Amino acid sequence: MKRSILFDTETTGLDPATGDRVIEIAALELVGDLPTGKSYHVLLDPERDVPEEASRVHGFTRADLEGKPKFADVADKFLAFVGDDDALIAHNARFDFGFLNAELKRTGRKPLDMDRMVDTLDMARERFPGMPNSLDALCRRFGVDLSARTTHNALLDCKLLAEVYVELMGGRQHGLGLMADGEQAPAVVYDGPAERTVVRVHPSAAALAAHASFVEKLKDPIWNS
């Protein structure tokens, strides 16, 4: 079955072109669009300050990140986890791709191929045009528990997005096939008994009166069509 990677980042700000850096990366492996339990998670030293307004969003301060590895130290392990051609799924994925590719460029590595990008924000906007489509809004729409989300935490956001992604792809039945790839689904044939006894139900006058009374309370009942 097809493998893909669902991921999220937290950063020091909004624009890598002005010096903002990645401080957290989280990623979950999906097979058949469902989590396998394999994950990647790291906190990073951004090699710069963490503005107060950014800390209010994700909860991390400069002190929290002191002594953590730098992106250059983890780049190879991250690239090994995401693979070479598996789809990369994120909410507002252009933001995350922009930051990760800036970090990769800084270390002299090839950027992530934009053709691998799957943006769940685009998917949600297509399915729910004109409606709020933030991760919080989608979780509420699909009944995903948000009680643990007090700040933007990349690992938690990945777990929430994994549930949302399943719903955007068609619901929990999606991907739960019981056959190996390439197998044909067996035909289902109903084999009824050769001999059947017809049982006719004859309602009593009281039952017919009760039914008529009930139908009178309905708006445009089909029984009167």
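# Calls and cut-offs

Biologist: Why is Cys-158 called buried?

Modeller: Its relative accessibility is 1%. Buried means under 20% relative accessible area, exposed over 50%, and partly exposed in between, using a 1.4 Å probe and protein chains only. So Cys-158 counts as buried. This is a predicted model, where local features need pLDDT of at least 70 and side-chain atom pairs count only at pLDDT 80 or more, while totals for chains, interfaces and linings use all residues. Residues are numbered from 1 along each chain as its sequence is written, and side-chain values use heavy atoms, leaving out hydrogens and water.

Biologist: What makes Cys-139 buried?

Modeller: Cys-139 has a relative accessible area of 0%, so it is buried.

Biologist: What makes a set of residues a nonpolar core?

Modeller: Its members are buried Ala, Val, Leu, Ile, Met, Phe, Trp, Tyr and Cys residues, joined through side-chain atoms within 4.5 Å. The largest such core here has 23 residues. Ile-25 and Tyr-40 touch the most other members. Strand 1 (3-11), strand 2 (22-31), strand 3, helix 3 (71-82), strand 4 and helix 4 each supply at least two residues. Helix 3 gives the most, with six. These elements are DSSP runs, numbered from the N terminus: helices are H or I with at least four residues, strands E with at least two. A second, separate core of 21 residues includes Leu-6, Leu-30, Phe-128 and Cys-139.

Biologist: Which residues is Ile-25 in contact with, leaving aside neighbours within four places in sequence?

Modeller: Contact means heavy atoms within 4.5 Å. Among the partners of Ile-25 are Asp-8, Tyr-40, Val-42, Phe-71, Phe-78 and Leu-100.

Biologist: Why are helix 3 and helix 4 called roughly perpendicular?

Modeller: They pack at an angle of about 115°, with axes 10 Å apart. Axes are lines fitted to C-alpha atoms, for helices over the stretch in contact, and angles run from 0 to 180 degrees between N-to-C directions. Under 35 degrees is roughly parallel, over 145 roughly antiparallel, 65 to 115 roughly perpendicular, and the rest oblique. Helix 3 and helix 4 are therefore roughly perpendicular to each other. Phe-71, Phe-78 and Leu-79 in helix 3 meet Leu-100, Glu-103 and Leu-104 in helix 4.

Biologist: What makes the phi of Glu-47 worth a look?

Modeller: Most residues other than glycine have a negative phi. Glu-47 has a positive one, near 60°. Glu-47 lies in the loop between strand 3 (34-43) and helix 1 (52-58). Its relative accessible area is 44%, so Glu-47 is partly exposed. Beyond neighbours within four places in sequence, Glu-47 is in contact with Arg-21, Arg-62 and Lys-70.

Biologist: Where is Asn-92 placed?

Modeller: Asn-92 is in the loop between strand 4 (87-90) and helix 4 (93-106). Its phi is also positive, near 60°. At 36% relative accessibility, Asn-92 counts as partly exposed.

Biologist: How do you know whether Ser-4 is buried or exposed?

Modeller: Ser-4 has a relative accessible area of 2%, so it is buried. Ser-4 is found in strand 1. Not counting residues up to four places away in sequence, Ser-4 touches residues including Leu-28, Leu-30, Asp-86 and Ile-89.
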